[in-house]
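User: Could you take me through this one? I'd like to start with the sheets.

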Amino acid sequence: MVTLQLSCPIIVKPQAKLPILGLARNQQKHLSKLPSSFPASLYICSSQEPHYPIPLFPPVDQSVAAVVFGDGSESRLYPLTKRRSEGAIPLAANYRLVDAVISNCINSNINKIYALTQFNSTSLNLHLSRAFSGILRGKDGFVEVIAAYQSLEDQDWFQGNADAIRRCLWVLEEYSVTEFLILPGHHLYKMDYQRLIEAHRNNKADITIVALNAIRDKHPGFGFLRVNPANQVIEFSMKSEREKITSISGKSSRKSDSVASGNFPSMGIYLINRDTMSRLLKEYLPEATDLGSEVIPAAISIGMKVEAYLFDGYWEDMRSIGAFYHANMECIKRSNMTYKSVAKLPERAERIIFYDRDCPVYTMPRCLPPTMIREAVIRDSVVGDGCIINRCKIKGTIIGMRTRIGDGAVIEDSVIMGADFYQGEDIQSSGKCINHKAIPVGIGEDTQIKKAVIDKNARIGKNVLIINKDGVQEGDREANGYIISEGIVVILHGAEIADGSII
């Protein structure tokens with residue numbers, strides 16, 4: 001005989017990090033017919049089976065899938081993206097840019113993650129497939145790389161993020177998720193996506209756009225939201241950096257109080273209902289290629305409920321070499337904080353992306369030896385694994401993995417990305433290196449480097465000065481192995497700088 005056992009309702013505090021629960025409409029409809037004396041939760045039990053609750057709401061790890069984009073074809077971080085996508089750029093000694101976004105998903109209990117890649121994607125695809133498969137295996141999750149492809153129906157590559165999603169819906173809809181979280185994969189920030197999902201479901205929105213709660217000097221380029229007092233997006237516009245006029249706009253017929261409404265820059269993060277995504281891309285806009293400039297304005301225009309979710313934490317979209325450089329310098333400023341919960345740290349502690357015990361940043365596990373330091377003077381710096389640092393002086397610098405620094409070198413306010421391999425000591429001492437190059441990978445003796453970014457596997461000779469002695473702001477010397485952007489010298493991947501050179 002099957003009986004119903006009534007249970008007391010459970011009180012859940014909004015602050016607690018619990019799975020977010022959403023109520024399906026058909027369940028809500030049936031429950032409304034029950035007597036008012038019935039509690040919200042029911043158990044079905046029999047004399048032969050244990051008592052298990054019937055879940056009314058799907059948890060986040062089963063109902064939300066993240067779609068992460070590596071980057072686009074027009075990178076703003078060249079030459080760091082000459083042979084890799086933006087998401088694969090090394091950051092803060094041990095990480096890649098994409099690690100921050102994937103870790104936000106894992107820490108927010110989103111375990112179904114798709115990475116859509118296309119341009120210079122070899123390094124990114126390799127990193128994603130190696131770094132996160134073991135982390136999510138025990139959580140019944142995955143990070144699945146979907147590289148751009150050609151088919152009998154589509155002979156072209158992905159034409160934009162909307163086109164990529166449309167062509168991959170047959171994969172994305174494999175699981176019965178209710179929302180898709182669209183994320184750029186090359187931004188640096190820390191966010192609890194569970195709060196975003198909770199706000200989206202409470203507002204019964206079709207689309208929720210994450211926006212910055214402040215206007216920045218340079219807008220990110222993902223458009224601007226005009227929000228009414230009810231937190232609904234009534235207008236979405238794309239403004240070109242070179243033009244002062246609005247180039248693309250979508251307006252809603254909803255009335256708003258112009259005094260109370262606000263304008264906020266979009267972060268390019270969208271939470272979209274599954275059915276909404278399918279209808280927009282297949283029925284309403286079958287030829288659209290971009291979410292920001294085409295799909296979102298159209299959704300507002302046809303009357304879909306588009307909400308705004310304001311974010312006021314630290315966020316860097318890596319819009320330039322200067323932004324990338326300063327993001328690394330920010331890691332140094334905050335690295336002296338104790339490794340503990342950010343909740344116990346002072347105001348603005350959200351900038352500590354890599355030093356939060358409760359929300360760690362995951363990356364590829366490596367079997368590297370500890371860093372060896374021989375009588376070096378190191379101040380206010382971050383040093384990665386497996387480095388060999390001799391008698392030198394280092395101040396305010398990021399030292400990436402496997403970096404070798406010779407005696408007498410002086411490095412200040414720089415980003416050294418490290419190397420992908422070691423060279424044997426016998427090869428280095430003999431001066432005969434791989435591929436017949438006389439300069440070994442690393443920083444040579446008595447070399448001075450200031451305010452520079454040294455890409456991976458660079459070979460910097462002895463007595464080299466990389467100090468931008470003429471104060472050049474912009475310079476293209478790619479044929480010589482370097483460029484200058486915003487006054488920052490960038491040494492190219494694998495470049496060789498001869499002994500005694502002055503830059």
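Analyst: Seven strands make an open sheet, ordered β20-β23-β26-β29-β34-β33-β32, and the pairing is mixed. β20 (382–383) and β32 (474–477) are at the edges with a single partner strand each, so one side of each has no neighbour in the sheet. Strands (E, at least two residues) are DSSP runs numbered from the N terminus, and two of them pair if DSSP finds at least two bridges between them.

User: What should I know about the source?
Analyst: This is a predicted model; local features need pLDDT of at least 70, side-chain atom pairs count only at pLDDT 80 or more, and totals for chains, interfaces and linings use all residues. Residues are numbered from 1 along each chain as its sequence is written, and side-chain values use heavy atoms, with hydrogens and water left out.

User: How do β23 and β26 pair?
Analyst: β23 (residues 398–399) and β26 (residues 415–416) are parallel, with two bridges. I399 has I416 in β26 as its bridge partner.

User: Which strands form the parallel open sheet?
Analyst: Five strands do, in the order β19-β22-β25-β28-β31. β19 (377–379) and β31 (465–466) are its edges, each with a single partner strand, so one side of each lacks a neighbour in the sheet.

User: What joins β19 to β22?
Analyst: Three bridges, with the strands running parallel. V377 is opposite K393 in β22.

User: Switching topic. Which residues lie nearest the centre of the largest cavity?
Analyst: I416, G418, V441, G442 and A458, out of 14 lining residues. A cavity is a set of points on a 1 Å grid over the protein atoms alone where a 1.4 Å probe fits but cannot get out; lining residues have an atom within 4 Å of a point.

Note on methods. 1 Å grid on protein atoms, 1.4 Å probe; cavity = no way out; pocket = protein on both sides within 12 Å on 5 of 7 lines; lining within 4 Å. Helix = DSSP H or I, 4+ residues; strand = E, 2+ residues; numbered from the N terminus.
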